[in-house]
Amino acid sequence: MIDQQYFDGLITTATATLSGEETLLAGAHTEDTDFARFNNAHVRQAGSITQTTVDLDLIEGRRHTQATVQLSGGVDDDHDRIASVLGRLREQRAFVPDDPHLIVNTEPVSTHHVGENQLPDRDDTLAAIADGADDRDLVGIYTAGSVASAFASSLGQRNWFETSTFNFDWTFYLRADKAVKSSYAGFDWDQAAFDRKLVDASVKLGALARQPIDLPRGEYAAYLTPAALDEVIGLLSWNSFGARAQKTSQSALLHLLTGQGELAPSIRISEDTANGVAPNFQEQGFMRPDEVVLIEHGKPVDALVSPRSAVEFDLTPNGAASDESPQSLAIAGGDIDADDAIAELGTGLYIGNLWYSNFSDQPACRVTGMTRFATFWVEGGEIVAPVNVLRFDDSIYNMLGSQLKGLTSEPEFVFDNSTYGQRSNGSSRLPGALLEAMRFTL
Amino acid sequence: MSTVIMTNSADTLATRFSNALPAGIDEATLRVIDEESEWLAVTRGTVEPVHSSFDSGAMVTVWANGGTGIAATSDLSESGLRAALAEAKRWAEATASRAIAVAPPGLAHSGSYTSPLEQSWDAMGLSERIDLLREVEDQLNIGDRIVDRRASLGRRTVRSVLLSSQGGEIEQTFHFVYPMLAATAAANGDAQTRTYGRGSFCGQGGIEVLDRFGFRDAAPRIAAEAIELLDAPNCPTDTMEILVAPDQMILQIHESIGHPLELDRILGDERNFAGTSFVTADMFGSFQYGSELLNVTFDPTVEGQLASYAFDDDGTPATRQHLIQDGLLLRPLGSASSQVRAGIEGVANSRACAWNRPPIDRMANLNVEAGESSLDELIGGIEHGVFLHTNNSWSIDDSRNKFQFSCELGQVIRNGELAEKVRNPSYRGISRNFWRNLSGVGDQSTFAVMGTPNCGKGELNQVIGTGHAAPVCKFSDIEVFGADQ
């Protein structure tokens, strides 16, 4: 991967080639990634990836064009690539109209953050994983390495945010679809912490050995672990909290905004940049505040406003990326001790994970999806048996509204393990949710 | 237009690769991807910034001492390739003792492929492309109840060069076009969206792809239907027959035939993420997947379909194969290495989405073959049912059994005739039961060739395009419901 000096050098050189009327905005993503993929505790695929992409936005007046280019890491070659892209952008600009929604950050703030690289030796980690698997059927993926997000502009702004993290996302399988999912992520490998996760998964794996039961359709009390709640909230995050979706009636929280739906007064949702692992600037150089409160006391407060939406809908940008999805979403905890959650559930479903959620009625925020991994039937506050997969189909206004009994008191921090195109620096901080009733349909 | 990243000829790459090969390996491959794309959009009357993308990089794979190692780099110089090969060799050696053994491909043959191209993207100038989008986007603007509208057009040109230390050389060039239209109507706390096949009317080729599904003329109908749905009744709730249009069939094929037949899922590779499969290795050759009307092919030879190619990313020659014939399950979507692991014959479907992701078992073109019924015959044979158009929601369990899908638009069929349109049509079922309830298959006049541009799978995560073609199909005894159920 490249460092800040290299990136700044490219943009400084490019800036010198601009005409007097041009402005250049440049974002970058760079990473060095080691990965090892496991099946049945054996390595299926393993290797390393080095990549750097630069996003360029070349502006003259109100006309601009954009491009993304992969760098090679060779300094002369990369200067040539940036220069060639700028040439292409100028050629294209002759054919595009003014952009009424263009906005440039005119109050540049430069920042620099490079987290200490405390990553473990990869061979030691692979050995620890092999030892941890023992003779069990472990499947999953380990990724590790440094990742940086950057921004620079011809106006002099310079931002660099670099972290070095690992993420081991894994599952112990007992048989067929009976399995326990876990993850261990962070900045430095703590073998004792990993061992505790192995023990926890092993205990649940033991419970999965009991005869599974099929539950008929109907409504059941349920406890959603933070991981299960993350699946539902992840769906909402696609299009619910952004200004553009809300202003065009496409937010899944449409009924909350129109007063046709209600969330429980205990629900507080925020974009909590201060406590996440994402950079505090977005791709066009606008700074992110420490927190944007999205829902308070169950009522909508602010939306995530990208620069373009700010112009189009006459709002103030608040550091949202162009997709207006949260990067560091947090839900405030309640007053249930997580250790007491199963006892509080009494009789019902303990749901370790949900899966493949999607909207069955988006304007009404009705969501369907499946139970997955460790899901158990509980009676008298004790786990009785694993449950074969069930489909739920229920409204958020039930799940986090009229049927919400409470939230656990200590929200859990979850690193986003996604690697589409690049390793994510998103995260969430979520409690578990205890529901009086949840609707299952298949 | 000027060139941004100079592409290297296959000969140049072969020379650098050969010079950079380390000693003490069984085989190595080099897969180089050069990609250029352009994305245009007009949204709510505003031309969004033109966005172009220029990507170039390589993945090397080394087989050594019983292990396999991978390294991906964007440095295609000889020294860059040498460093990547050394890194891949280190990975092979470090993981050999606990690796799932995968034999080297022994790639020694050569070949090439280029997408069919009638009218190149550049034959239509940038201003002309923007004008077209402005025109069709404006046609979506038919009243105050249309609260969002968007017309977009994307193209990608991808060149792939696959070289092997055994002398193999495969070069393929793909031209993709992705047109899209969408209109959202809203009133009284409801919103309804209609789209141009929800992105499925894409394919290989040039500007001619726009005319395959009438992109230039579709906007007025799409906008009118979005408004019509606002006032339409909810889809009725009942067990009934359904008629499924090709732009919903593609999703049904993708989720409940394609993914469960991927051999890497059956082998367990995807259990931590994408999931497993209700299909097991012993079912091939004996399991009745659907009714006798069901014929499913893996067909990378369909001209202009999104995932047509001559070789997969391991270099295996790609040929048309029946996966399901007369309802009987015959073979999986399993690439050469998966076939060896499972001991089952498969297809050439080892595919990667980019140079920085390793190939895995993927759908390519997965098609339901046409039958013999006309559309009128299919509709006329339904006493109580609904005609389902254009997917807008999909969910299925990790074994690919219990599914629930929703569509943008439904139209009631009553006593053999099309009746009123309905909103929020959904249906649910279990894969094997669903396909066994296939009770009618449309003829060639109902057949459409499409694709799904964004299929997510794999660890590391990958998004890739898959092709699907289907006729209109009829299914019996299906649980159908609307938004209030």
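Predicted model: local features only at pLDDT ≥ 70, side-chain atom pairs only at ≥ 80, totals over all residues.
**Entry: across the chains**

I looked up which strand of chain B pairs with β2(A), and found β4 (residues 67-73), joined in the parallel sense over three bridges. That passes the cut-off of at least two bridges.

Next I asked myself how many residues each chain brings to the contact. I got 79 residues from chain A and 68 residues from chain B. On the side of chain A that touches chain B, strand β2 (residues 42-60) gives the most, with 11 residues. I then sorted that side of chain A by class and found 29 nonpolar, 37 polar and 13 charged residues.

**Entry: a sheet in chain B**

I turned to an open sheet of four strands in chain B and read off its order as β13-β12-β11-β16, with antiparallel pairing. Which strands stand at the edges? I found β13 (328-329) and β16 (366-368) there; each has a single partner strand, so one side of each is left without a neighbour in the sheet.

I followed β13(B) to its partner: two bridges join it, antiparallel, to strand β12 (residues 321-325) of chain B. Within that pair, I noted B:I324 opposite B:L329 in β13(B).

Last, I checked what helix α6 (residues 246-258) of chain B lies across, and noted β11 (296-298) and β16 of chain B. I have the helix running at about 115 degrees to β16(B).

Key. Residues numbered from 1 in each chain as written. Chains lettered and ligands numbered in written order. Contact = placed C-beta atoms within 7 Å. Axes fitted to C-alpha atoms, helices over the stretch in contact; angles between N-to-C directions. Nonpolar A, V, L, I, M, F, W, Y, C, P; charged D, E, K, R; others polar.
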